[in-house]
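I opened the model to look up the ligand site first.

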Amino acid sequence: MGKILITGNNKKFIVKDIDKDIHTNFGMISSEDIKKAAPGDIIKSNKGIEFSVSESLFIDMYAKIKRGAQIIPQKDIGLIITEAGLGKDSVVIEAGAGSGALGCFLAKICKEVYSYEIREDFYKIVQKNISFLELDNIILKNKDAKLGFDETNADAVILDLSDPWELIDVSKKSLKVGGFLISYSPTIPQVMDFVDKLDESFVYIKTSEIIERNWEVNKRKVRPKSQAIGHSGFLSFARRIK
Ligand code: SAH
């Protein structure tokens, strides 16, 4: 991992090429200064603005991935991980890959991720994001997930596509008994069809929407930020029981 420069008001700049100066709205930071700096050091731009130097972490790089399809926001990824208890032993299948936002995050914490994307243009974006994040445990396939997944015995199958109910049967074949089937959909009719089509092999657990409300904390001016809370999607959870 490389270096990252952070200003006092949390503007971040990733050092992609240490041999190049970085040009920002806060002035230019010279490559020479960046090379010399150790984590915790403060360096100044030619406009006199201070930047602290840190090592870049996964999340700094993750924030910079390319986006094609609409991604799953981090608040929703959090519920997927905790509800299914995903971790270093988990094998997960997802469709569609989209921009790879969910798949790459899961690859960071899981053992293996198998990711299916039908569109070649999105597949190429995800390929770039996987190599940008230096992940080697996500296997990306340019395939129609409706035709079935090549893997079996997965701990979780996660569906983020417009007609998840059409993939219940193929998901069942690839899930271990006890594994989770998770569907992410922006609209309630999609949730209704998905839950309605779950067969007796599954027990339905719940459907949730995560609403994250950010607060402004500025001396005694402490209150919810006034921007509207946007809608992302509903997460439905089921479990294969036979
Ligand atoms: N979860 C992703 C976003 C997925 S967007 C992320 O966080 O980045 C939905 C994706 O599903 C689109 O890229 C679409 O091309 C893909 N898709 C739709 N039907 C599919 C199918 N049958 N098989 C594989 N991918 C499919």
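I started with the ligand: the space it takes is the largest pocket. I count a molecule as sitting in a pocket if more than half of its atoms lie within 2 Å of the pocket's grid points. A pocket here is an open set of points on a 1 Å grid over the protein atoms alone, where a 1.4 Å probe fits, with protein on both sides within 12 Å along at least five of seven lines; lining residues have an atom within 4 Å of a point.

I noted the conditions. This is a predicted model, where local features need pLDDT of at least 70 and side-chain atom pairs pLDDT 80 or more, while totals for chains, interfaces and linings use all residues. Residues are numbered from 1 along each chain as its sequence is written, and side-chain values use heavy atoms, without hydrogens and water.

Pocket size next. I read about 580 Å³ for the largest pocket, a volume being the space filled by probe spheres set on points joined across faces, edges and corners. Its lining has 32 residues, with Ala 69, Gly 96, Gly 98, Asp 160 and Leu 161 closest to the centre. Strand 7 (91–95) and helix 4 (101–109) are the elements that give two or more residues to this lining. Both are DSSP runs numbered from the N terminus (helices: H or I, at least four residues; strands: E, at least two).

Then I listed the ligand's neighbours. The ligand has 22 residues around it, and the closest are Ser 99, Glu 117, Asp 144, Ala 145 and Asp 160; near means a heavy atom within 4 Å.

Which backbone atoms make polar contacts, as N or O pairs within 3.5 Å? A polar backbone atom of Ser 99 is 3.0 Å from a ligand oxygen. For Leu 102, a backbone N or O atom lies 3.1 Å from a ligand oxygen. A ligand nitrogen is 2.9 Å from a backbone N or O atom of Ala 145. The protein buries 89% of the 580 Å² that the ligand exposes when taken alone, by the Shrake-Rupley method with a 1.4 Å probe.

Which peptide bond is cis, with omega near -10°? The bond runs from Ala 95 to Gly 96. Gly 96 is in the loop between strand 7 and helix 4. Asn 10 is not a glycine, yet its phi is positive, about 65°. I found Asn 10 in the loop between strand 1 (3–7) and strand 2 (12–14).

Note on methods
A polar contact is a pair of N or O atoms within 3.5 Å; within protein, one must be able to donate a hydrogen and the other to accept it, and residues adjacent in sequence count only if both atoms are side-chain atoms.
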